[in-house]
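This note is meant for a colleague who is meeting the structure for the first time. The points below may be read alongside the sequence and the coordinates.

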Amino acid sequence: MSLDSLPIYRGLRVPRVTRWSAEHDITPAVYVRSSRLTYADPVMTRACTYQGALWRAWVLAPGKGEPYLAHLHPARQRRMMARLICQVCGLSTAEEAAVEGGTLFLAGAGEETGFRGPIEEGERTLHPPVHLACAWESVRHCQHLLDGYEAARVARPLPWGLYGILHAWHGGDIVPVDVRAQIAHGDPRLAFLLAGQAVMELNDVRPIDLRAEVARAGLVGAEVGR
């Protein structure tokens with residue numbers, strides 16, 4: 001794991017999951033064929049169908065332009081969730097999770113997120129896991145976390161479903177009916193979801209004091225207050 005390999009923007013390291021300005025949405029119009037959402041191009045439809053849903057299409061150009069630090073790139077987010085890859089450095093969290101008894105997840109506690117209290121059993125998240133060192137870097141510099149955060153080791157993080165724009169028939173047309181839908185795997189409504197991110201369910205949750213864990217690990221900067 002190397003934080004030094006991350007691109008720098010205005011003096012701050014940019015997490016791997018971040019979307020850049022050159023990575024724009026190229027999703028075409030959607031249609032319904034065989035009782036599910038499709039694009040006009042069947043080749044593109046096959047390429048963008050994953051876990052039972054049609055996914056929005058985005059340009060892949062990490063490091064190009066300016067980073068949108070508050071936005072996750074959908075393709076990288078999906079890959080990181082599926083493989084439990086650190087959203088900051090882009091490497092697997094499996095080794096650290098085995099040693100520490102769980103994969104590390106963070107949740108912002110600021111008013112913008114609406115999050116209150118510790119990470120709970122069975123909670124769902126759109127944010128991929130992090131390494132301990134990467135988490136400490138994030139809570140000291142990420143605007144999303146500066147107002148406060150919660151941290152937990154999760155022994156069983158499980159794929160729960162997908163997040164995106166749910167469509168339905170209305171007046172003979174297929175139209176968006178919920179732009180922030182979370183649909184569980186196995187739900188037949190996935191056929192009408194234009195997916196944008198993967199959703200993880202957190203099980204066997206153990207809330208932790210991140211600063212104390214950082215201090216035990218002897219990481220530089222652990223003396224900085226929360």
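1. Confidence. The model is predicted, and the protein chain averages a pLDDT of 89, with 91% of the residues scoring at least 70. Residues 222-226 should be read with caution: their pLDDT is below 50. Beyond near neighbours in sequence, that stretch has 11 contacts in the model.

2. Fold content and overall form. Six helices and 13 strands make up the secondary structure listed for the protein chain. Its radius of gyration is 19 Å, close to the 17 Å given by the globule rule for 226 residues, so the chain is as compact as a globular protein of that length. Taken along the principal axes, the box filled by the C-alpha atoms is roughly 60 × 40 × 35 Å.

3. Contacts and burial. When contacts between residues at least 6 apart in sequence are considered, 72% of them join residues at least 24 apart. Of the 226 residues in the protein chain, 44% count as buried.

4. Surface and charge. The protein chain has an accessible surface of about 11,800 Å², and carbon and sulfur atoms account for 53% of that area. There are 24 positive and 24 negative charges, and their mean positions lie 6 Å apart.

5. Helix H4. Which residues of H4 are buried? This helix spans residues 132-141 and is mostly covered, with seven of its 10 residues buried. The buried positions are Leu-132, Cys-134, Ala-135, Trp-136, Glu-137, Ser-138 and Val-139.

Definitions and conventions. Residues are numbered from 1 along each chain as its sequence is written. This is a predicted model: local features need pLDDT of at least 70, side-chain atom pairs count only at pLDDT 80 or more; totals for chains, interfaces and linings use all residues. Side-chain values use heavy atoms; hydrogens and water are left out. Helices (H or I, at least four residues) and strands (E, at least two) are DSSP runs, numbered from the N terminus. The radius of gyration is taken over C-alpha atoms; the globule rule is 2.2 Å times the number of residues to the power 0.38. Buried means under 20% relative accessible area, exposed over 50%, partly exposed in between (1.4 Å probe, protein chains only). Contact means heavy atoms within 4.5 Å. Accessible areas come from the Shrake-Rupley method with a 1.4 Å probe; for residues, only the protein chains shown count as cover. Lys and Arg count as positive and Asp and Glu as negative; His and the chain ends are not counted. The place of a charge is taken as NZ of Lys, CZ of Arg, CG of Asp or CD of Glu. pLDDT is the predictor's confidence in each residue, from 0 to 100.
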